[in-house]
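Keep the sequence and the structure open beside you, and try each task before you read on.

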Amino acid sequence: MAKDSKHVGDPPKLASKPTDLLSQLPTELLMIIARLYLHLFDGNHDITYILLLTQVNRRLRQVIVGTPDLWASFDIFDEEGYFHIARLCIERSRLFPLEILLRVGIPEAGSDFGDRCYDLLHPAASRIQVLRVVMFDETSFGIGQGVLAGLEMPALKEIELQYDSLSPGDALERIRIPRGCTNLQTLTVEGLFPTDYNSSNLKSLTLASAIYCRWSSALISNIIVGSPHLENLTFMGPDLVDNVADNLASYVLPCPSLRSLAMKGGIVPSFTAGFLLALRAPNLETVHVTGPHCHWYERTSGTPALWEEVIDRLEERYARSKETFGNVRSLTIEQQHERYRHEGFFRFLMTAFPRITSLNLDQRGIDVLSVCNVEDGRRGMGWVFLNKLTIHGCPPLHALERLLAFFQARGYKACNFVEGYGEERGDEGDDGEKGGGAEENHNKEVHDEDEDAGGGGDDEGAENEVQHRAGKVVAAGVREGKSKLGFMPIETLVIQGRRETETATDEVLGRLRDTVESLQIV
């Protein structure tokens with residue numbers, strides 16, 4: 001008893017080393033945790049977060065240091081600390097392709113920043129796959145231009161060059177793309193005009209304005225015509241062009257591979273009209289345009305478009321050459337002015353893209369939707385195949401009421417409209433023979449032509465099926481008297497960004513829900 005009693009009250013023994021649960025995890029699980037952390041806190045690939053992970057423990061450090069792709073994306077600034085980190089990244093990334101952001105700030109007199117950049121990047125230039133260069137003034141532009149001119153980058157697939165000149169009236173500066181870029185696929189330039197590069201494989205092009213540097217019609221034509229395989233084209237910036245809309249319309253811009261076109265960030269409608277009159281893109285599918293500004297802004301930034309004349313010119317081109325934008329299915333209209341309604345621009349879009357099935361619209365532009373429901377004796381109806389409408393923002397009560405009126409003016413409930421077509425299709429009476437016989441023969445001819453043409457793939461077949469079904473539904477609505485104009489029913493309404501809930505708005509939303517097959521509030 002005495003022997004046992006002397007141990008009463010002794011503290012429990014502690015392990016000689018605390019248990020490190022993180023070190024006991026499999027390597028694969030450690031990498032999943034590390035990548036999740038970097039995804040949550042490192043949206044811009046800041047190398048600082050990776051360096052923090054190497055300080056957790058020895059095991060995680062070994063895993064992080066031994067994973068080359070984590071070190072393949074880094075920034076270079078005019079500070080010695082960034083050069084040290086960049087050297088570390090180049091070493092630890094081994095042979096992995098590199099993604100680099102080079103910021104050429106406003107250097108001090110006598111700075112050797114350009115020479116140090118060249119010495120750092122030259123040994124790894126063959127691995128650079130993505131390069132972004134930002135320059136701020138004439139001196140930094142000269143440094144950046146010198147670095148690019150001295151490097152050869154055969155693996156380069158994407159390059160972004162930004163230059164914001166601070167001097168009014170400056171012309172676009174010409175800059176040479178690094179040598180050896182035979183596989184360049186994505187090019188973004190701001191305030192600069194690229195020269196001496198191979199654009200035969202270019203698929204994505206973004207032309208952005210700087211503060212005072214603007215594009216001319218000739219430069220836009222040169223860069224687009226020289227890119228025969230271009231699939232995505234984006235214009236950005238309110239000061240992109242300077243009174244070139246009418247001049248641009250006289251050009252012919254062939255883009256046979258173009259699928260997506262975007263004109264964002266305040267580009268005036270007169271430029272949009274001029275560019276579309278010049279563009280020849282038979283395979284264009286998706287379009288993003290900027291809505292009209294106030295009259296004062298359009299007068300100061302370019303000649304306002306006379307929309308009836310522009311529409312006439314577009315229709316003359318369609319009738320003369322049969323080159324239309326008939327494959328465009330999705331249209332986004334970016335609203336710029338809260339109270340500025342321009343029905344002429346909207347009618348121009350309906351003429352340019354008559355077969356869209358999806359429309360994305362800011363809630364401030366709901367008022368102009370009523371133009372779609374007006375039947376023009378000369379031009380017919382607007383957007384008869386539209387079946388999905390997406391509203392961005394939080395529409396107030398009066399906007400929701402106008403939206404409801406827009407649906408009601410189309411003359412039917414979508415779900416009943418489709419069901420009615422099914423009943424009419426099976427009708428064996430006289431009306432069915434008169435109303436459906438010609439349509440069935442036409443549909444059979446179209447189906448036979450599609451089979452003779454060899455189909456065209458699953459995507460094309462699905463698209464043809466949608467248009468085929470749309471045509472049958474529209475025709476059925478006209479015959480049944482449910483739609484005087486014969487519109488395709490809008491089946492889906494999406495409202496993105498709605499937060500407030502009130503009794504009055506809930507009532508209108510309930511009526512909208514009864515009007516369409518699917519109402520989604522995100």
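**Exercise 1. Describe how helix 5 and helix 6 pack, and which residues make the contact.**

Step 1: start with the geometry. The axes of helix 5 and helix 6 lie 11 Å apart and form an angle of about 10°. Here an axis is a line fitted to C-alpha atoms, for helices over the stretch in contact, and angles run from 0 to 180 degrees between N-to-C directions. Helices (H or I, at least four residues) and strands (E, at least two) are DSSP runs, numbered from the N terminus.

Step 2: name the arrangement. Helix 5 and helix 6 are therefore roughly parallel to each other. Angles under 35 degrees count as roughly parallel, over 145 as roughly antiparallel, 65 to 115 as roughly perpendicular and the rest as oblique.

Step 3: list the partners. Helix 5 contributes E80, F83, A86, R87 and I90, while F113, R116, C117 and L120 come from helix 6. Contact means heavy atoms within 4.5 Å.

Step 4: Ala, Val, Leu, Ile, Met, Phe, Trp, Tyr, Cys and Pro count as nonpolar, Asp, Glu, Lys and Arg as charged, and the others, Gly among them, as polar.

A word on the model: this is a predicted model, in which local features need pLDDT of at least 70 and side-chain atom pairs count only at pLDDT 80 or more, while totals for chains, interfaces and linings use all residues. Residues are numbered from 1 along each chain as its sequence is written, and side-chain values use heavy atoms, with hydrogens and water left out.

**Exercise 2. Check the length of helix 5, then find its buried residues and what covers them.**

Step 1: helix 5 covers residues 80–92, and its 13 residues should span 18 Å at 1.5 Å a residue. The expected span is 1.5 Å times one less than the number of residues. The end C-alpha atoms of helix 5 are 19 Å apart, which agrees.

Step 2: the buried residues of helix 5 are F83, I85, A86, L88, C89, I90 and R92. Buried means under 20% relative accessible area, exposed over 50%, partly exposed in between (1.4 Å probe, protein chains only).

Step 3: the cover over these buried residues includes helix 3 (47–53), helix 4 (58–65), strand 1 (73–76) and helix 6.

**Exercise 3. Follow C89 and F74 to their neighbours.**

Step 1: C89 is part of helix 5 and, at 0% relative accessibility, counts as buried. Leaving out residues up to four places away in sequence, C89 touches I47, W71 and F74. C89 and V65 are 24 residues apart in sequence, with 9.7 Å between their C-alpha atoms.

Step 2: F74 belongs to strand 1 and is buried, with a relative accessible area of 1%. Beyond four places in sequence, the contacts of F74 are A86, C89, I90, L98, E99, I100 and L101. From F74 to I90, 16 residues along the chain, the C-alpha distance is 9.0 Å.

**Exercise 4. Describe the packing of helix 12 against helix 13.**

Step 1: helix 12 (residues 307–321) and helix 13 (residues 343–352) have axes 9 Å apart, at an angle of about 5°. That makes helix 12 roughly parallel to helix 13.

Step 2: W307, E308, V310, I311, L314, E315 and Y318 of helix 12 meet G344, F345, R347, F348, T351 and A352 of helix 13. This contact of helix 12 with helix 13 divides into eight nonpolar, two polar and three charged residues.
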